[in-house]
Amino acid sequence: MTLKTEPFVINLGPVHPSTHGVFRLRATLDGEVVMDIEPIIGYLHRGIEKIAEGRNYKQDIPLTDRLDYVASMSNNLPYVMAVEKLAEIAVPERAEYIRIIMAEMQRIASHLLAVGSLANDLGTFFTPFQYMFREREKIVDLFEMVCGQRLLYNYMRFGGVSHDIPDEFIPALCKLVSTMPGFIDEYDQLLAENEILLARLKGVGILPKELAINSSVSGPMLRASGVEWDIRKVDSYSVYDRFNFDIPTEVIGDCYDRYRVRIQEMRQSVRILEQAIEQLPPGEVLAKVSPRLKPPVGEAYAHIEAPKGELGFYLVSDNSEKPYRLHIRAPSLINLTALREMVIGWKLADAIVIFGSIDICLGEVDR
Amino acid sequence: MTVALSSSEIADRLKNQFPEAITETKKECLIIKGDFLLDIASFLKNTPDLEFNYLSYITCVDYKDYFELVYQLVSTKHNHSLVLKTQCRQPEEPIVDSMVDLWKGADFQEREIYDLMGITFKGHPNLKRIFLWDGFQGHPLRKDNSNDTEN
């Protein structure tokens with residue numbers, strides 16, 4: 001006798017620990033195998049692009065903090081860069097260095113969280129995560145030292161940063177930078193050769209190079225698929241051209257490669273931090289900019305390599321105090337486009353891991 | 001550095017094949033007619049020395065008289081970029097061709113524009129609201145949106 005079977009639909013989320021936020025995945029399953037999925041988003045939609053049109057340019061800086069809320073420093077940067085491009089504001093050299101120091105520290109913090117939560121999705125419930133948080137905590141302490149905030153920093157301004165770094169910052173950062181490589185090695189030893197991790201990540205959720213490019217995927221996900229594309233190199237901004245660093249890439253584009261790229265990027269960020277501390281010039285950190293800034297009529301797009309991918313702001317000005325239009329190119333949303341192709345044919349438990357390996361932040365997906 | 005290709009040079013190349021397609025050539029962008037959007041995009045993607053294989057982002061701006069669609073095209077092989085624009089001058093029923101067949105990355109972004117700006121993308125495989133719920137009335141990013149309150 002043959003058993004009659006039929007596909008069935010289950011909803012993962014919107015409130016579910018493996019969805020990293022309020023994300024819903026409607027999966028059609030054949031037994032345990034995923035036949036089709038549909039991401040359903042919008043649970044955290046606050047209409048940031050709309051709110052931004054009703055506030056002046058400066059008031060929009062804290063709004064950007066609330067996009068990828070685990071990487072606020074990286075969100076401030078492209079927004080102030082876009083306004084600076086539009087209004088032709090020059091940034092003092094010291095401020096450029098401070099911005100890069102913040103952005104690279106933020107990259108380490110964000111990748112630690114990505115790797116930690118990926119391990120969570122694999123079932124090592126909160127053990128690696130706690131270790132990652134130990135290091136992330138030190139970075140957050142440093143952020144608190146410069147701007148008094150631990151999550152939503154609101155630190156960058158048009159023409160620089162809000163305050164200069166305090167005297168105790170550089171010694172503390174030097175200590176962090178000298179100990180960080182040891183911790184990264186430790187995590188890598190614990191995780192990279194772990195049998196379960198290898199079994200669950202190797203060959204799972206492959207994103208081929210051509211599909212990755214065609215799906216507009218960016219960031220570590222694109223580089224794991226073998227595309228050497230990093231905005232810091234290919235469209236160098238700020239003072240990144242003064243540092244020596246490599247772009248880690250992998251070949252296959254599976255979950256393991258995405259993990260590898262993140263681990264290696266943390267090492268490169270440490271390298272950039274070391275050089276930035278050495279080169280940090282004295283001087284002003286904030287150019288004089290009118291608080292009621294009215295950029296000339298026009299449009300500008302500025303983008304950076306944020307921890308999750310290419311984060312860009314497209315601004316249109318009509319010479320008033322408020323932006324006429326602000327569009328955010330959110331890497332988390334666009335990276336999700338490739339999810340469907342990656343999970344079809346895998347078991348549901350693998351789909352969770354594949355989703356986790358993309359590393360999205362719902363604040364940025366929904367905006 | 002990503003080189004922003006000169007839009008007048010691209011326009012010259014397009015003129016042979018699409019003599020009536022170009023509306024305006026600006027320093028930083030190329031504005032074309034909506035009817036030719038798909039053909040020109042496909043030409044830009046498939047011509048060997050242009051090879052715009054990466055669609056960085058799509059967005060839309062409401063200029064009250066018309067909607068302007070903005071496409072940032074990038075070539076990861078040649079490391080150059082181009083901003084392509086098209087203007088939609090039927091404010092009642094704005095409609096443009098979907099780019100999903102050429103670049104899959106357009107999928108969610110076009111749904112976002114449909115949801116928030118109310119542009120219909122012809123040929124999109126799954127055009128429905130992405131952030132707001134199905135029964136929602138209006139499109140919040142439009143300048144004449146009736147849900148707006150003074151702030």
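Okay, let's start with strand S10 of chain A, residues 325-329: it's mostly covered, with five of its five residues buried. Keep in mind that this is a predicted model.

So how do the side chains sort themselves on S10(A)? Which residues point one way, and which the other? A:Arg325, A:His327 and A:Arg329 go one way, while A:Leu326 and A:Ile328 go the other way.

Now the neighbour. S10(A) runs antiparallel to strand S9 of chain A, residues 309-317, and five bridges join the two. If you want one pair to look at, take A:Gly312, whose bridge partner in S10(A) is A:Arg329.

Both strands turn up again at the interface. Overall, 29 residues of chain A are in contact with 25 residues of chain B. On the chain A side, the elements giving two or more residues are helix H1 (48-53), helix H8 (209-214), S9, S10 and helix H12 (331-336). Which of them gives the largest share? That's S9(A), with four residues.

Last stop, a hairpin elsewhere in chain A. Strand S4, residues 24-30, and strand S5, residues 33-40, pair in the antiparallel sense over seven bridges. A:Leu29, for instance, has A:Val34 as its bridge partner in S5(A). There are two residues between S4(A) and S5(A), and A:Gly31 in that turn has a positive phi of about 65°.

Key:
Residues numbered from 1 in each chain as written. Chains lettered and ligands numbered in written order. Predicted model: local features only at pLDDT ≥ 70, side-chain atom pairs only at ≥ 80, totals over all residues. Buried ≥ 20, exposed ≤ 12 C-beta atoms within 10 Å, placed from the backbone. Pairing = 2+ DSSP bridges. Contact = placed C-beta atoms within 7 Å.
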